[in-house]
Amino acid sequence: MEIVIAQDAAAGARAVADEFEQVLRAGDGAVLGLATGSSPVAAYAELIRRHREEGLSFAGARAFLLDEYVGLPADHPQSYHRFIREQLVDHVDLDSSTVISPDGAAADPAEEAERYDAAIAAAGGVDLQILGIGVNGHIAFNEPGSSLASRTRVVALTRSTIEANARFFDRAEDVPRHALSQGLGTIREARRIVLTATGEQKAAAVAQLVEGAVSARWPATVLQLHPHVTVVVDEAAASRLE
Ligand code: F6R
């Protein structure tokens, strides 16, 4: 696991964007794994800038989202699919029909979860997965206690995650209670992973991620078992590292 402590938000965004640029420039047909939430937004903005000013192209790439709320169709204003279009896809030359998220409106979410894992496998797996981390160490919606081998599945959101995500909704009651989330086993199959975190509130989770024992108590610790992970943090998020 490589740890990059960035001097400021712009430097962190550049370090994350560098990972994407390497994969995109390596050849046609890159399969990207995209996250939502606030952590990757600065890196997405940097990628948009490189696309506009430096000709970085996403043509031929495909993407899979980490997760989606159960009950929200892809075009819902608070869906993760809509979020990723607004924050990245609509501003670069990535064909939106190749950006796939779990279908939150599927009649049978459990069947949709199986179909989603099969679709990732059929695409040849994810070349580069970007991740944020929750204050409790979750990645995607794999809350503490999730099996380290878990596959994409329906998960119940914890109260703390519902409260944290309420900022994106008009009312806390509107936050869906379930999500379709890639599992920890699914995420670990990505060939390369970059996790980014900023702020003191993420410091405990980052310390566990880097130095804690691998355990379902802190789901992100599973990344210690992965051969190619880069963690990009600011000084506040790194402040509890030994
Ligand atoms: C988002 C996701 C979540 C977030 C995490 C951190 O697709 O799967 O695990 O990465 O909750 O959220 P932010 O970045 O908003 O602090």
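Predicted model: local features only at pLDDT ≥ 70, side-chain atom pairs only at ≥ 80, totals over all residues.
Residues are numbered from 1 along each chain as its sequence is written.

An unreviewed UniProt entry places the feature "domain: Glucosamine/galactosamine-6-phosphate isomerase" at residues 9–224. UniProt positions follow the numbering used here, feature names are shortened, and annotations may be inferred rather than shown by experiment. Over residues 9–224, 34% is helix and 14% is strand, and the end C-alpha atoms lie 24 Å apart. Helices (H or I, at least four residues) and strands (E, at least two) are DSSP runs, numbered from the N terminus.

Seven of them form an open sheet in the order β1-β10-β9-β6-β2-β3-β5, with parallel pairing. β1 (2–6) and β5 (99–100) stand at the edges with a single partner strand each, so one side of each is left without a neighbour in the sheet. Two strands are taken to pair if DSSP finds at least two bridges between them. The parallel pairing of β9 and β10 runs over five bridges, and A197 has V233 in β10 as its bridge partner.

Helix α2 (residues 41–54) comes next. At 1.5 Å a residue, its 14 residues should span 20 Å, and its end C-alpha atoms are 19 Å apart, which agrees. The expected span is 1.5 Å times one less than the number of residues in the helix. A43, Y44, E46 and L47 of α2 are buried. The buried residues of α2 fall within an arc of 160° when seen down its axis, so they line one face of the helix; the arc is that of the directions from the helix axis to the C-beta atoms. On the other side of α2, R52 and E53 are exposed. A residue is buried if 20 or more other C-beta atoms lie within 10 Å of its own, exposed if 12 or fewer, and partly exposed in between, with C-beta atoms placed from the backbone. The buried residues of α2 pack against α1, α3 (80–87) and β9 (193–197). After α2 comes G55, whose phi is positive, near 75°.

In soluble globular proteins, nonpolar side chains tend to be buried together. The largest nonpolar core here has 64 residues, and those with the most contacts inside it are I84, I133, L195, V206, L209, A220 and V233. Helix α1 (residues 9–25) gives the largest share of this core, five residues. Such a core is a set of buried Ala, Val, Leu, Ile, Met, Phe, Trp, Tyr and Cys residues joined through C-beta atoms within 7 Å. Not counting residues up to four places away in sequence, L209 touches residues including I133, W218, A220 and V231; contact requires C-beta atoms, placed from the backbone, within 7 Å.

Finally, the unreviewed UniProt entry lists D67, N136, H138 and E143 for "active site". H138 lies in the loop between β6 (128–131) and β7 (153–156), and E143 is found in the loop between β6 and β7. H138 counts as buried because it has 25 C-beta neighbours inside 10 Å. E143 is buried, with 20 other C-beta atoms within 10 Å. Leaving aside neighbours within four places in sequence, E143 is in contact with N136, H138, V155, T158 and T161.

Notes
Contact = placed C-beta atoms within 7 Å.
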